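Hi,

Here is the structure for your files. My notes on its salt bridges follow below.

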Amino acid sequence: MAEERDAAARRRRLLFAVGGTVLGLALVGGVVAAAMTLSGGDDDKKAGPGASGGPSAATFAPEKPTFRPAPTVPAPPPARAVLADPALDTAPFTVESLFPNQKFTVNGRQYSVAAGKLDNTCSDGTDAKLGAAARDQQCTQLIRLAVIGPNGVLTTAAVASFPSEGKANAVKNGKDGGELLPLAGPGVKVLDAKKQKHGKLRNSVGRYGLFTLDWYADGKDPVGDDKTMAQAQDDVDKFLWNSLTARGEAISKQIDDENRRKALEQIQG
């Protein structure tokens, strides 16, 4: 009996020892887990939005990207607008710049420019009546060309520069009369004024007035509505018109190229 009591006592002591150890381990495990949980929360905060266990990325508003709007390139001015505005039409006004070609063709009809002259004043290349009208409208420069056409027609063609389109139109539509003074050149003989017979045509484009003076090389008189001379007038007028329009288009392109260059600099800058 005594041995049985001793064995039972030993079993109870062993159970108490084992239970205490288990309890101790459980407590230690709880403390470690709690410490890891606290530590993990700090790490999540350090990891920033969207990290595992931390606040969701959806709860933070991302920075809005800043975009620079593309610069607008204005449409280039049409040639007619360029030719009407001295602030835009800044190309040289010379025979060489306006009429670089000595020959031109209109509908198969061939013409040649025998000579060209930039007059010091508009009065230098016009008679008293046309000169007075040009001065009244502040004409600043005059270019004359000596042109040889088909069928023996000779022409003095002229472009007069005015400060505005309105002033050019005033001379074109004026009733003061007057004529160009003829310009001689190789193959272009100026006849005596009393014998010289001619027709004339006036036009304008932008701030430029266009004029022609025509006569036959052999001095014959135009008969009635002379279709041959009228055709030469129309052809030379078209040549003057096209030459000035080409000037306006070239300047318009320069303006467009400069605007595009500035826009590209804004984008790259």
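Start with a buried pair: R247 and D89 both count as buried (under 20% relative accessible area with a 1.4 Å probe, protein chains only; exposed is over 50%, partly exposed in between). Their side chains form a salt bridge, 2.9 Å from N to O. The term means a side-chain nitrogen of Lys or Arg within 4 Å of a carboxyl oxygen of Asp or Glu. This pair joins distant parts of the chain, 158 residues apart: R247 sits in helix α6 (residues 227-268), D89 in the loop between α2 (79-84) and α3 (95-98). Helices (H or I, at least four residues) and strands (E, at least two) are DSSP runs, numbered from the N terminus. R207 comes in too: D89, R207 and R247 are linked in a network of salt bridges.

This is a predicted model: local features need pLDDT of at least 70, side-chain atom pairs count only at pLDDT 80 or more, and totals for chains, interfaces and linings use all residues. Residues are numbered from 1 along each chain as its sequence is written, and side-chain values use heavy atoms, with hydrogens and water left out.

Next pair: D235 and R109 meet in a salt bridge at 2.6 Å, N to O. D235 is in helix α6 and R109 in strand β2 (residues 109-119), 126 residues apart. D235 is buried because its relative accessibility is 2%. R109, at 24%, counts as partly exposed.

Within helix α6, D256 and R260 are four residues apart, so about one helical turn separates them. Their closest N and O atoms lie 3.2 Å apart in a salt bridge. D256 is buried, at 13% relative accessibility.

In total, the structure holds ten salt bridges.

Best regards
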